[in-house]
Amino acid sequence: MMRIRLALICLGSSVAAIAADQATLDLGKKEEARSCLACHSLRIIHSQRLARAAWGRELDKMAGWGSQIKEREALLEYLVANYGNDKPMPVPEMSANGK
Amino acid sequence: MTPNRRQIFAAFLAAAARPMRSADDSVTIAGKRPMILHNDRPEDLETPLRYFDSWVTPIDVFFVRQHLPRPATIDPAAYRLNISGMVAKPGQLTLADLQKLPQQTVPATLECTGNGRGFYTPKVPGIQWGRGAVGNAEWSGPRLSDVLKVAGVDTKAAFLELDGADVGVAATPDFVRSMPMEKAMHPATLLALKMNGQSPDIHGFPARLIVPGWDGTSWVKWVTRLTPTAELNKGFFMNPGYRYPKYSLPPGSAPNPAELEIIEGMPVKSSLTSPEDQSKISLGPTTIRGFAWAGENAIERVEVSTDGGSRWQNAQLSAQKLPFAWRLFTINWTPAAPGYYTIMSRATDTAGRVQPIVPAWNPSGYLWNGIDRVGVIVEKA
């Protein structure tokens with residue numbers, strides 16, 4: 001009984017965490033567009049799969065190069081959740097024929 | 001080039017103008033056939049393996065690596081090459097001046113320093129190139145040494161600093177490179193005005209530096225300034241950018257910044273282009289293809305294995321055995337039975353260097369040159 005109750009508590013808290021995270025992830029996605037797109041398109045971000053520390057270093061580098069990142073934590077959470085090194089590599093995208 | 005406001009604005013406009021997006025969100029790069037699209041603004045394009053079937057890689061499928069937005073198209077009549085620093089006659093040369101100097105042609109393989117980065121474990125930041133950030137072209141133009149002699153280069157200068165017309169966005173550093181004067185004065189080092197006899201276009205029109213045998217980082221595009229100097233440039237793209245650990249590191253560990261060195265030259269390497277990894281072929285005779293190159297050396301031998309590296313056979317090599325340029329290799333193969341086969345290629349150069357099984361992991365994912373390997377499914381005919 002105790003075990004079931006513990007499991008329910010864990011389930012409840014993780015659902016709450018996911019729900020809380022969704023707002024953060026949405027904010028992070030917006031922040032990505034706001035702070036990155038001025039200089040480059042997003043493909044160069046979305047084609048990579050990096051650990052949290054590595055994404056953090058990338059954000060620091062870009063901030064040093066003039067990116068005005070306001071929601072750093074949300075952006076980092078969004079990058080780790082979608083492009084973390086536990087995610088499979090994406091299928092390469094092709095450009096259309098320009099000839 | 002130090003960006004002024006007008007140039008930054010022009011770069012923004014150029015970036016916004018291309019590539020064009022169609023309604024289905026696909027990206028078209030003018031002048032290029034379909035390419036592996038790592039990024040569109042700025043353009044980072046990888047050559048699909050199916051195009052690697054000729055010794056000279058056509059411009060319309062040649063890979064593109066841009067650090068910074070492509071500069072606004074340069075008017076050939078308005079183009080000026082500035083020469084400053086340790087020279088007797090500082091000044092400017094026009095495109096016509098460069099065209100009047102003796103023109104040389106050098107076939108050379110250009111490879112992005114990060115080609116193959118996607119094969120490293122653990123993953124490192126940067127474009128996740130596979131096998132196709134490389135190509136072989138015939139580059140034509142005056143020798144860089146002849147250009148420098150026109151300006152009366154001081155023989156005591158230790159380095160040559162170069163800048164191109166591209167400028168950084170926001171506070172992104174300018175792409176400025178420096179190389180030892182000895183390499184700058186090498187007879188094969190050119191200021192190329194032509195690539196495969198055509199305009200270099202996105203590859204650095206009207207003048208692109210050719211540094212045969214060295215990685216692509218040194219091959220500055222849209223060259224606008226040459227400055228012989230006593231000291232090495234200290235900008236981002238010389239330090240910490242494009243450096244490699246002096247002492248090999250445990251994979252995933254951080255380097256000591258004082259123990260990172262400038263990359264000069266290239267290792268020996270081969271890549272399999274056909275059949276492609278995880279492709280299906282039917283039981284019967286097939287041809288295994290690829291290319292191999294070795295920086296400032298020539299390729300001596302390429303061996304191929306079709307059984308995971310147990311037995312190796314020499315492949316046939318294309319005739320031209322040159323420093324700087326790749327050799328194509330082929331070997332005929334008839335699998336004995338259906339099944340899954342691991343095909344591998346291993347190159348040896350004229351200096352005796354051999355591709356390793358495990359290339360040294362490094363934090364920027366440079367210089368991948370592991371023995372190449374693809375898996376192929378052979379099905380009953």
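Trainee: Before anything else, where do the bounds of a domain come from?

Mentor: The bounds are taken from an automatic or database domain assignment. This is a predicted model, in which local features need pLDDT of at least 70 and side-chain atom pairs count only at pLDDT 80 or more, while totals for chains, interfaces and linings use all residues. Residues are numbered from 1 along each chain as its sequence is written, and chains are lettered from A and ligands numbered from 1 in the order in which they are written.

Trainee: Into which domains is chain B divided?

Mentor: The centres of the two parts, taken over C-alpha atoms, are separated by 28 Å. The parts themselves are domain 1 (5–262) and domain 2 (269–379).

Trainee: How many residues of domain 1 of chain B are in contact with domain 2 of chain B, and which strand gives the most to that side?

Mentor: Contact requires C-beta atoms, placed from the backbone, to lie within 7 Å, and on this criterion 28 residues of domain 1 of chain B meet 24 residues of domain 2 of chain B. Strands are DSSP runs (E, at least two residues), numbered from the N terminus. With four residues, the element that gives the most to the domain 1 side is S8(B).

Note on methods:
Contact = placed C-beta atoms within 7 Å.
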